[in-house]
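Colleague: I would like to learn how to read the sheets, helices and a pocket in a model like this one. Could we take them feature by feature?

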Amino acid sequence: MLVETKARVGVFAIALGAYLPQFPSLVPEFEAQYETFKTLLPSTVEAIDGGIVTTKEQSQAAGDKFRAADVDLVILQLLTYATSYNMLPAVRDLDVPVVLVNVQKKRAPDYEHTDTATWLGELYACGAVGEMAADLDRAGKSHAVITGVMEGGDPQVQRELEDWCRAAQVRRRFRDTNLAQVGRPYPGMMDLYIDETNLYHRMWLYTKQFDWEKLWAIADDVTDEALIRAKAQDILDTFDIEGGGTVEKVWEMARYLAAFEDWVKREQIGLIASHYDGYAQGKAGVLDSMLIPAFSMLIKQGVACAVEGDIKVAMAMSILKTIAGTGQLSEMYSIDFDQDICIIGHSGSGDAAISAKKPTMKIVPVFHGKTGGGYLTQFYPHLGPVTYLAITQDRDGHFKFITAEGVNEEGPIFTFGDTNMRTRFSCGARAFVDRWSQAGPTHHMAAASGRHIDTIQKVAQIFHVPVEVITR
C-alpha cells in the first residue's frame, strides 16, 4: 500500500497464581504454550506482549503497555482456570474488543494417566472462559470467544485469529491515515452528505479538504523522466487501451500519477472522495479527463478512491480492500427478471485486483451526468462469490453497515464502458433489491471477491457499529 499501517494487537495469557507453587511444572509448561500461541498471530500485525499474568499487579502492567501502544485489539490466551481479576485490569481502560482464546493443548484426555498438574496445564482452558465473558459484559466491554485445540493444529482457530487481525487493521488504517475530500459531493445526492466532525468522533477518520485548484498544479514540478516513464509503463501493464497504448499517449497521465502518489504519501491519505463540477477547460480539462485511470492506479495500491464525493462508500471500499484485498465501487444498475439476476457496477475508477482479465481504457466524449469527457475504465470482476458493503447513517448520525453475499455469474453485460457484475442472490433479485433498499443505504456500495461477512461483523464490533445482513 502507498501509505502503510500495521495493526497493534495486545496479547497476553492468564493463569491462577495459586497453582504455580503447588505444581511447579506448570511454569515451564505455560511459558512454552504461550510462546507457541504467539506464533499463531500473523506477521501483518505488531504484537504488544503483555506476558503471562497471574496477579492483579501484572495485569495492570500489561494494561499500561496496551494503553501506551494504543492497541487496536486484545487477544487473551486462557492457559488454565484463572480468576477475572487477572484479566480486567489489563483491559479496563481500553475501548477495543477482547478476544478470549480458549485453546486446549491436548485433543483429548488420557483419563487413566492424567494427574492434577497435567489436567490443569494441558486440559483445562475452558474452565475460565465463562467467567471472563460474564465480567467483560458487566464492564461493558466488547468480546468474542474462540475455542479450539493446539495438538495437531486447528485451522478454525488460525482462521479466526487472522480474521480478527484483519479487522483490527481497519481500525489502525482509519486512525493513522486521512481522508481527502476534493471538491464536494455531487449536488443533490443528499444520501452522501456527511458531518466530518461526527465521522471523526465515531469512526476516528480525519477529513482533509482540498480544492481542485491545488490539484491542477500538482504535477507542475514532476520532471523526472525516468519516474514518469516507469509510471507510464505501469499504466500500460495495468490497462488495455482502446486503439493501442504507448508511453507517449499516457505520458501526461503518468506525470499526474507520480504527483498523486507523492501527495498521498505526504498527506498520509488512505481514502479519497472527489467530485469535479467545473468547466473542464485548460488544466482542469486535462486533469479531469484522466482522473478515472489515475485514481484506479491509486486504488490498485490500497488508496480507496470514490467518485461523486461519497465519503461513506470510500470507507466501505477501504474496509473491503483492507480485509479482502479488493474494493470496487458499485451501485444497482438493472435487474434481469428473466434470469433473476441483479446487474451491479459503476462507471469511474476501479480496482484492478477484482478484475479477472486485464481492464480496458477508452476515451469517451461525455462522462454521463458529469462535466467533461476523457478516459473511461472497465473492469471484469471475477466469477464466483462476491460481498457487498454499504455504510449509512441514521437520523442521529450513528453509522450502520449493510452487507450481503452473492455469486457473480457468467453472461452478457453492458458494453458502454462501465464495470458490471451479474450477481445472483440466494433470496432472488426482486427480494434482494427490496431488502437492500429498505435497509436505507446510500445508492453506492463497495464490492469484493469472496465471502467476507464474518470479517465485516468483526470490523463492526471494533467500531461499535450495527450490521444488517441482507442475505448470504
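Modeller: Start with pairing: two strands count as paired if DSSP finds at least two bridges between them. Keep in mind throughout that this is a predicted model.

Colleague: Which residue stands opposite Ile75?

Modeller: Strands of a sheet pair through backbone hydrogen bonds, either parallel or antiparallel. Here Ile75 stands opposite Val99 in S4. The pair belongs to strand S3 (residues 73-78) and strand S4 (residues 98-104), which are joined by four bridges in the parallel sense.

Colleague: What is the order of the strands in the open sheet of five?

Modeller: The order is S2-S1-S3-S4-S5, and the pairing is parallel. The edges are held by strand S2 (46-53) and strand S5 (143-149); each has a single partner strand, so one side of each is left without a neighbour in the sheet. On average, neighbouring strands of this sheet are turned by 20° against each other, direction ignored.

Colleague: Which helix packs on the sheet and touches S2?

Modeller: Helix H2 (residues 26-38) does, and it also touches strand S1 (8-14), S3 and S4. The direction of H2 makes about 165° with that of S2. Helix H7 (residues 155-176) lies across S1, S3, S4 and S5, and runs at about 150° to S5.

Colleague: How should I read a sheet with mixed pairing?

Modeller: Three strands form an open sheet in the order S8-S13-S14, with mixed pairing. Strand S8 (240-241) and strand S14 (374-378) are at its edges, each with a single partner strand, so one side of each lacks a neighbour in the sheet. S8 and S13 pair in the parallel sense over two bridges, and Ile241 stands opposite Met361 in S13. Strand S13 (residues 360-364) and S14 run antiparallel and are joined by five bridges; there Thr360 stands opposite Gln378 in S14.

Colleague: At what angle do the axes of H10 and H11 cross?

Modeller: For two helices, look at the crossing angle and then at the residues that meet. The axes of helix H10 (residues 225-238) and helix H11 (residues 251-267) come within 8 Å and cross at roughly 105°. Angles of 65 to 115 degrees count as roughly perpendicular, which makes H10 roughly perpendicular to H11. The residues of this contact divide into nine nonpolar, no polar and five charged. On the H10 side they include Leu227, Ile228 and Arg229, and on the H11 side Trp251, Met253 and Arg255.

Colleague: What is the volume of the second largest pocket, and which residues are closest to its centre?

Modeller: Its volume is about 260 Å³. Of the 13 residues that line this pocket, Tyr380, Pro381, Leu383, Gly411 and Ile413 are the closest to the centre. Strand S17 (residues 419-424) gives the largest share of the lining, three residues. By class, the lining has six nonpolar, three polar and four charged residues.

Conventions:
Residues numbered from 1 in each chain as written. Predicted model: local features only at pLDDT ≥ 70, side-chain atom pairs only at ≥ 80, totals over all residues. Heavy atoms only, no water. 1 Å grid on protein atoms, 1.4 Å probe; cavity = no way out; pocket = protein on both sides within 12 Å on 5 of 7 lines; lining within 4 Å. Points joined across faces, edges and corners; volume = space filled by probe spheres on them. Nonpolar A, V, L, I, M, F, W, Y, C, P; charged D, E, K, R; others polar. Axes fitted to C-alpha atoms, helices over the stretch in contact; angles between N-to-C directions. Parallel < 35°, antiparallel > 145°, perpendicular 65-115°, else oblique. Contact = heavy atoms within 4.5 Å.
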